[in-house]
Structure formats: C-alpha cells, structure tokens
Amino acid sequence: MTIHGWLQIALVLAVLLGLTPLVGGYLVRVYDGSSRWAIRLERLIYRLAGIDAEHEQHWTTYGGALLSFSVVATLLTYLMLRLQAMLPLNPADMAAVGPTQAFETAASFATNTNWQSYGGETTMSYLSQMLQLTFQNFVSAGAGMAVAVALVRGIARRDRADGIVGNFWVDLVRSVVYVLLPLSVILALLLVHQGVIQTFDAYRAVTTLEGGTQTIALGPVASQEAIKQLGTNGGGFFNANAAHPFENPTPWSNLLSLVALLLIPSAFTVVLGRMTGKPRHGWTVWVVMAAFWTVGVSSAYVAEAQGTSLLAKAGVALPASADQPGGNMEGKEVRFGISASALYAVSTTATSTGSVNAMHDSFTPLGGLVPLLMIELGEVVFGGVGVGLGGMLFFVALAVFLAGLMIGRTPTYLGKRIGQREIQVVMLGVLIFPALVLGGSALAISVPVGLAGLGNDGAHGLSEVLYAFSSTAGNNGSAFAGLSGGSAFYNVAFGLATLVGRFVPMLSMVALGGFLAEQAGGSGGEAAFPVTGPLFGLLLAGTILLLGALTFYPVLALGPIAEHLSMLAAMRN
Amino acid sequence: MFASLLGTAFRLAIVLTVCTGLLYPGVVTGVAQLLFPFQANGSLVEHNGRVVGSELLAQPFSEAAYLHARASAAGGGYDATASSGTNAGPTSSRLRDALTARALVAESLGVARGEIPADMITASASGLDPHVSPANARRQLVRVARARGVPVASLDTLLGRYVEPRTLGVLGEPRVNVLRFNLMLDSLLSIR
C-alpha cells in the first residue's frame, strides 16, 4: 500500500461528490420536462415512433411498455447476431453467432448485464457491436433510469391518488437523448484522445520489431466504451474488457471510466431528494452508499496489496516500492497497479457495471470476496443506472417497515403508508435475487455439465460458479472468467437468470411506485420515523447487511473464506 | 393494450437503433478521425519507414538485446486478436507452476529471492500490457547491456528518461513502455 494509492481512492470519491449535485440537478430538469435544448430531436423521435408524449400512464401500462420494449429489443438483437455473417461491416468475416450464445447475449445486453461468454474480437462483427450492442447499452440503461423515475414519482405524488407514474416512452427517450447520448459523445472523444481506438478499418497485420507477425484487432471501440461505463453496462468490445489497452490505455482513461460508471447512479440520489422535496433524505442515502463503497475499496486494496502465499513463495517483493507496484499483480496491468485495480473492481460490481480492468478470478481470496459481496448486497451501493436507486428504495421501505414494527406505529415513508401489499412487492423484488443465485449455483455444481465449466477446482471453483450466478442474476456482468460460460447449459442458465433477475425486481419497482401513487399521502407525516440523518442511515445500512450478508454467508464460507483460510494454513507450512 | 404497446416498442426500437447504433458511432468516428487520427487508428508506430506495432500493445520479445514484455495469456501469447488474462485462481496449482517457471528466468538475471518485482513473473490482465515497472526494466538491463556490449550504467540513464510517472502524482503507477524503449535502443545502439 502506498500513500499515492490511498490518495487516488480519495480523489475518485471527491470528484464523484463534486459532480453528483450538478448531474443530479440536471436529471431533475430532464425528467420534469424543463430542460428542452434537444426538443426538436425529441419530437422527431416521438413522431416517427407514434408516441403521444402528453399522455401519462397508469403504472400497469408503464410496466407493460417496459416489458414490450425489452421483448422487442431482445428479439431484434437475437436476429441480428444470428444473421451477422450476411450483413455488412464485417471485415474480420465473423460467422453467425450460435443459437444459445445469441440468446444469452441478447438477454444479457437487453438486461443491462452484459455478461459475455464470448470474446468480442473473435465473435462479433463491427455492425453487431454497434447496431445491437451499443444500441442495447443505451436503451437498457435508459429503461433502468425510467423505472427509477417512475418509482420516485410514485413516492412524491401528492395531488391525486390514481396510480399514474409518468410515460415510459417519454422517460426512456429523454434519458437517451438528454443524458446518455451527449455525455457519451463527450466521454468517447476524451477516451480517443487518451488512445482508445475508433475506426472501421479491418484488423491489421504488422511485422514486429523482432520480425514476427502480429495481427491487431481494431474497431469502433470508444463509442461503445463511453456508453458501457455511463450506462453501467460493462460489456467490453474486447475479451479483456477495460484491461485491454485499446479500451483503457492510461490512468486518465481509467479515472474517466471510474467516474463515468459511478456518476449517474450517484446522481439519482439527488433526483430522489429533490423530487420528493427532501434533499437531505437523498443525501442520507448517498452517504450510506459511499460508506459501503469506501469500506469495500479499502478492504480490496489491503487484500490485493498483501499478495498471496504463492507469490511470497515464488520470491516476489510484496511490499510496494517507488519503482514497482508490489502485491498481487497476477491478472493486473502495470499502468493501473494495485490501487486502481481494487478501485475499479469494487466500483464496477457495486454499480452493476461489470466492466473490469483486472481479472477478478486471479484476485486474492479476500480481494475477490469484496466484489462478490458488492453484487450480493443487491447492487445498491450506487448500483445500476436507475435500478440501483430502485433497489436501494426497496431497502429504505424495508427499513421504515422494520422501524415501524419496533416503535409500534403504522410504518409511513414520506407520508405514505408502507402496508401489506407494498411490503409484498418489496420482498418479491429483494428475494428473487438470492433465490436465483443460490438455486442456480446449487444446480450447476450438482450436474456434470455445470462442473465441466470450472476453470479452477476446490473452493475457488465454487467461488467461480457463485460469482457467475451473482453476476448474471444481479445484472452485473463481470466474471471470475476462468469459468467457461460458453456451453449450452451455462448460456441458457445465465440467459434465464439475467431475464428473471432483471424484470422481476424492475416490475416490482414500478408496482411499488404505482401503489404509492395510489395514495394521496398525508402531509402530517412528521410524527413518522425520520428518514434523514445518522440514525436512519445506520438502520438502512443494517437492513442491507442483515439481508445480504446473512443470505450469502454460508456459501461464502465454503468459497472465498475457505480458500483464504487454506491459504493462511499453507503460508504457515 | 399489449399489442399497441408492442407496436410502439418496435417503432421506437428501430428509431433508437438508428440514433444510437449508427449515427452516434458514425459521428464519433468522424470527429475522432479528424481530431485524433493517430490514437483513433491504434497508436501505430513506425521504425525505418514501416509500421512495427502499436505502442499501446505488448508484442513478443525474446532476444536478449531487448526489454521483454510481461507474461501473456492472449491466445498463444501476445495475440492482439485474442486478449485474455490467465484467470488462474490465487491458490491454484496452475498459477504455482507458472510462477515457479518464471521465477527461474528472474533468477538467471541475478534477482535475489524476495526481491522479484511483482510484475516480472506475473501475467497481465489483457495479455497485451505494453508496460513493465521501472524495477522490472532495470533488472533486465543486465541482459540487454551484455547483448549490446554497453555498460549497464549508460542504459540505466537512458531508462530514467523513459519512466512515465504517475498522472497528477497519484493516478496509476510509474511504468516503462517496452516497445518505445526497445525502438530507442535500436536507433541508438546496434545489436552485437
């Protein structure tokens, strides 16, 4: 560990804190319709798609629109991938993507997961990368943002009690046109300046300095890289994702990527505060998120900087010095070193992004446990764009409900009752994730086709499977990549996990927003449990830990924790 | 209701595909090629009038007179169409065997046990890491100097100029670009 490493972590948090109110304030103006600088493009899109932008939807219609859009987008992507060999912009002559692979990829990108059981540069044509994968990066992010806005509107709505939460099409289009597209253009150009490539030229063969031949994979990378981070998507253009120097060439590009993937989820806490008229409530939620993030990054940094018993036995200088990074550098890049790799690993899993700048599979047992835990806490530590806040609001509702039980009052949240049906959809949204993770992992390690995919044996093998189901059901997309996830069994299992893990919680969020929008809400909620300040922050953090940690502790003990203990035992011998 | 929603969904999906899947990458490509053509096309570097690689990608070096890049699991090694790490688990026998074999190479350079730079015997994440740490480079200079018949001290001075520091003093790690250093060696010194 070095002072530079800690300062780097502090710098990222400071930049994020500085940008959050700016972007959050802008998001509020986008969703209440007062920002109108792109009104002509927006109206053109409505006219071409036949959308009545003035019409507000009941929450059931809103949820139906979300579902229809996702079904259509998934099918379009599936078709495109199956047909890519016949379509233009395929200079490397990629063959059609196989049926289970295309299903898994379509489901994965439509659900903002971007789990990749293929290597981009060996599978996808340029047209597929752009037309389907870049497109999905935008709209899956936009759909997540729309759902969060609908939920917050439901909480905030006071004037009527009719279950109206907004217009899904409008929220989606405005998310894309006003937020994701302009930010992506700026970020993409900054990334190209740093060295990220952006070209339609074919792969290029060069003669190396020693006279060998090296073929260099190229492509329109920066445009996809930008939205992959901003939309917390995470699917890499190349197999090595943001560890590839063409995706993430410098410490600057790494900082830009980190801030980009944290920015919108972080700014959504401001949307919550401002739209409900309780800015301090939004900031309380932000502080809880930032606290989990800080503890996570610090733990991963310490674990990775300490290295492993194998490295020590091989003779590696584990303490960092002025001219070498020290620690566990297996699966890490020199330009990032330990601190920036730990920062990235935790940020990408906390936010449901899933892009990686180091290989999580080769992290130390405890260093790998942290990203896994970040996913398993429900990806509410900033979380995915929109859905991160939605997931956090499940826990807020749960915390309020628990507090209500403890003090013996009817639980109310910002003047609205958290009653039986509200808590039912909350529990559905919260519990589907552990059910998929634990059920899926148990199935995979019980059948030969599942075990055949393991890249490592013993406790680490279990961690690989557990990570894979956490990542897909949680719509993260990062991996302990030693697992060969490209088999038909895993493609189908992961495809289903992403779909159920995405739409059950999202529809629960819309329903919760709808139920709350059906209450006019009392203004005299002042006697209710306060939802700002340290007391509520601790209660919220406790609720997240209670559910996440207790659900997964037994299986974590068999995976990463067992591996850590066996490593300690090996060190003593 | 569902049928009309599906219709709208289909039309919107097509419109947004054009906006985000064609126009957006097209515009970014145009502007990038105009403003930053060197970076946009892969930071390709020339030597004696021919392109010898990308300064951002590791390429295989095995001759004694060159700095060697970090170990690579990209394809058969340094394959820039198949980026990958080893994904070997931290306690796996696969990693133990690889580390043991590479530690022998470090030993042949006279690096004492317990002093091997952390990036010297580990494989990178992408398999294409273009950098090594300054300590790693310095340890290799012994071999390079012998092959080129020059004193280590003079190479060490040159190396000092090729160390890229942390950005803003805190971001990333100090590093040496292997290809750029080797190109400099070739233009200044012949191979004996």
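Which residue takes a positive phi in the hairpin of strand 3 of chain A and strand 4 of chain A? In this predicted model, the residue is A:Gly211, with a phi near 95 degrees, and the hairpin has five residues between its strands. Strand 3 of chain A covers residues 204–207 and strand 4 of chain A covers residues 213–216. The two strands run antiparallel and are joined by four bridges. One of the pairings places A:Thr207 with A:Thr213, its bridge partner in strand 4 of chain A.

The overall architecture of chain A was examined next. Its secondary structure amounts to 19 helices and six strands. The radius of gyration of chain A is 23 Å, close to the 25 Å given by the globule rule for 573 residues, so chain A is as compact as a globular protein of that length. The C-alpha trace of chain A spans about 75 × 60 × 45 Å along its principal axes. Of its 573 residues, 66% count as buried. Where contacts in chain A link residues at least 6 apart in sequence, 78% of them join residues at least 24 apart.

Chain B contains six helices and five strands, which follow one another from the N terminus in the order α-α-β-β-α-β-α-α-β-β-α. The radius of gyration of chain B is 23 Å, well over the 16 Å that the globule rule gives for 192 residues, so chain B is more spread out than a compact globule. Taken along the principal axes, the C-alpha atoms of chain B fill a box of roughly 80 × 45 × 35 Å. In chain B, 52% of the 192 residues count as buried. Of the contacts in chain B between residues at least 6 apart in sequence, 55% join residues at least 24 apart.

A hairpin is also present in chain B, formed by strand 1 and strand 2 with two residues between the strands. Here B:Asn48 takes a positive phi near 50 degrees. Strand 1 of chain B (residues 44–47) and strand 2 of chain B (residues 50–54) run antiparallel, with four bridges joining them. Within this pair, B:Leu44 stands opposite B:Ser54 of strand 2.

The remaining strands of chain B were then considered. Three strands of chain B form an open, antiparallel sheet in the order 3-5-4. Strand 3 (131–132) and strand 4 (163–164) of chain B stand at the edges with a single partner strand each, so one side of each has no neighbour in the sheet. Strand 5 of chain B, comprising residues 175–177, is joined to strand 3 of chain B by two bridges. In this pairing, B:Asn177 is the bridge partner of B:His131. Helix 6 of chain B (residues 178–188) lies across strand 3 and strand 5 of chain B, running at about 55 degrees to strand 5.

Key
Residues are numbered from 1 along each chain as its sequence is written. Chains are lettered from A and ligands numbered from 1 in the order in which they are written. This is a predicted model: local features need pLDDT of at least 70, side-chain atom pairs count only at pLDDT 80 or more; totals for chains, interfaces and linings use all residues. Two strands pair if DSSP finds at least two bridges between them. Two residues are in contact if their C-beta atoms, placed from the backbone, lie within 7 Å. Axes are lines fitted to C-alpha atoms, for helices over the stretch in contact, and angles run from 0 to 180 degrees between N-to-C directions. The radius of gyration is taken over C-alpha atoms; the globule rule is 2.2 Å times the number of residues to the power 0.38. A residue is buried if 20 or more other C-beta atoms lie within 10 Å of its own, exposed if 12 or fewer, and partly exposed in between; C-beta atoms are placed from the backbone.
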